[in-house]
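Here are some notes to read beside the sequence and the model. Please keep both open as you go through the points.

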Amino acid sequence: MARLRLSLRLLHLALVIAFGTLLAGIVSLCERIVRHDLMPLRQRLTRWFLARLGSALPFRVRVEGELPAQPMLWVANHVSWTDIPLLGALQPLSFLSKAEVRDWPLAGWLAHKGGTLFIRRGAGDSGQVRQQLTRHLQQGHHLLIFPEGTTTDGLALRTFHGRLMSSAIDSGVAVQPVAIRYLRNGQPCPVAPFVGDDDMLSHLLRLLSASACDVEIRLLQPIPSQSCSRNELARHSQAIIAGVLQADTASQGPAEAA
């Protein structure tokens, strides 16, 4: 039964990725023909694709809170690569990712065609990246970043880096904090986190071999960026997300005996 479940899920996922590849190729061709950036179209199609990708993963998703009507800088805690399809299915979004992802086979190309912005850590180009993010927000596009800069096991937050928050201040948009957590039998899921020396294939096979787990996504109260420094925005958003995650964990109590 477990092998059959894994095979069916792999087939479903492969079909979704194949269609997404075809879709990205068509959009890329259209951009070459019209010689115009089709970012709004790319974001809408990416949302549609990520929703299908998320449905191919073994998750039961529950969303709380209101989707922002105005473009905002979304900031979220980061547990796994699966955060991206689950959050990207909520609203047309662009993501900021580490530059290494651009070189991933197929996934990097799809991310690029979907409108992902890439940053090379330690490359000394923070000013250029800040301008790129600001311009993206000023053009009316939602943007999501993971201020921790890496994934965690979901049990605690790392420090939110404030330098990328400057784009919200420069463009005059609010910050939309988002808390995401993965639960299995009411406790933090040990399978979903993508951390340490995990590689994509091994993690994917473990995930698809496991039974479905629950994902809770909380859209929290937006934070106005006016009259705030980037470090204040970082600390405030981190505190809000940490408070929700800690309160939710405490409310679960100990796991029930099997």
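1. **A loop residue to start with.** N185 sits in the loop between β6 and β7 (187-188). Helices (H or I, at least four residues) and strands (E, at least two) are DSSP runs, numbered from the N terminus. N185 has a positive phi of about 55 degrees, although it is not a glycine. At 74% relative accessibility, N185 counts as exposed. Buried means under 20% relative accessible area, exposed over 50%, and partly exposed in between (1.4 Å probe, protein chains only).

2. **How to read the model.** This is a predicted model, in which local features need pLDDT of at least 70 and side-chain atom pairs count only at pLDDT 80 or more, while totals for chains, interfaces and linings use all residues. Residues are numbered from 1 along each chain as its sequence is written, and side-chain values use heavy atoms, with hydrogens and water left out.

3. **Another positive phi.** S227 lies in the loop between β8 and α8. Its phi is positive, about 60 degrees, and S227 is not a glycine. S227 is exposed, with a relative accessible area of 80%.

4. **Strand β2.** Is β2 (residues 73-76) covered on one face or on both? Both faces are covered. L73 and V75 are buried on one side, W74 and A76 on the other. β2 runs parallel to β5 (residues 143-145), and 3 bridges join them. Here W74 stands opposite L144. β2 also runs parallel to β6 (residues 175-184), joined by 4 bridges. In that pairing L73 faces V175. Two strands pair if DSSP finds at least two bridges between them.

5. **Strand β3.** β3 (residues 94-98) is mostly covered, with 4 of its 5 residues buried. β3 pairs with β5 in the parallel sense over 2 bridges. S94 stands opposite L143 there. β3 also pairs with β4 (residues 117-119), again in the parallel sense, over 3 bridges. L96 is opposite L117 in β4.

6. **S97 within β3.** S97 is found in strand β3. S97 is buried, with a relative accessible area of 14%. Which residues does S97 touch, not counting those up to four places away in sequence? They are T116, L117, F118 and I119. Contact means heavy atoms within 4.5 Å.

7. **Y182 in β6.** Y182 belongs to strand β6. Its relative accessible area is 5%, so Y182 is buried. The side chain of Y182 makes a polar contact with the side chain of T82 (2.8 Å). A polar contact is a pair of N or O atoms within 3.5 Å; within protein, one must be able to donate a hydrogen and the other to accept it, and residues adjacent in sequence count only if both atoms are side-chain atoms. Y182 and P193 are 11 residues apart in sequence and 8.3 Å apart in space, C-alpha to C-alpha.

8. **The cavity.** The structure holds 1 cavity of 30 Å³ or more. About 120 Å³ of space lies in the largest cavity. Of the 12 residues that line the largest cavity, the closest to its centre are D153, G154, R181, Y182 and P188. β6 and α8 (230-252) each supply at least two lining residues. β6 gives the most, with 3 residues. On a 1 Å grid over the protein atoms alone, a cavity is a set of points where a 1.4 Å probe fits but cannot get out; lining residues have an atom within 4 Å of a point. Grid points are joined across faces, edges and corners, and a volume is the space filled by probe spheres set on the points.

9. **E216 in β8.** E216 is in strand β8 (residues 213-219). With a relative accessible area of 12%, E216 is buried. A polar contact of 2.7 Å joins the side chains of E216 and R62.

10. **Helix α7.** The buried residues of α7 (residues 200-209) are H203, L204, L207 and L208. Why are they on the same side of α7? Because they cover an arc of only 125 degrees around the axis. The arc is that of the directions from the helix axis to the C-beta atoms. What covers these buried residues includes α1 (2-34) and β1 (59-64). At the start of α7, a side-chain oxygen of D199 reaches to within 3.3 Å of the backbone nitrogen of L201.

Definitions and conventions. On a 1 Å grid over the protein atoms alone, a cavity is a set of points where a 1.4 Å probe fits but cannot get out, and a pocket is an open set with protein on both sides within 12 Å along at least five of seven lines; lining residues have an atom within 4 Å of a point.
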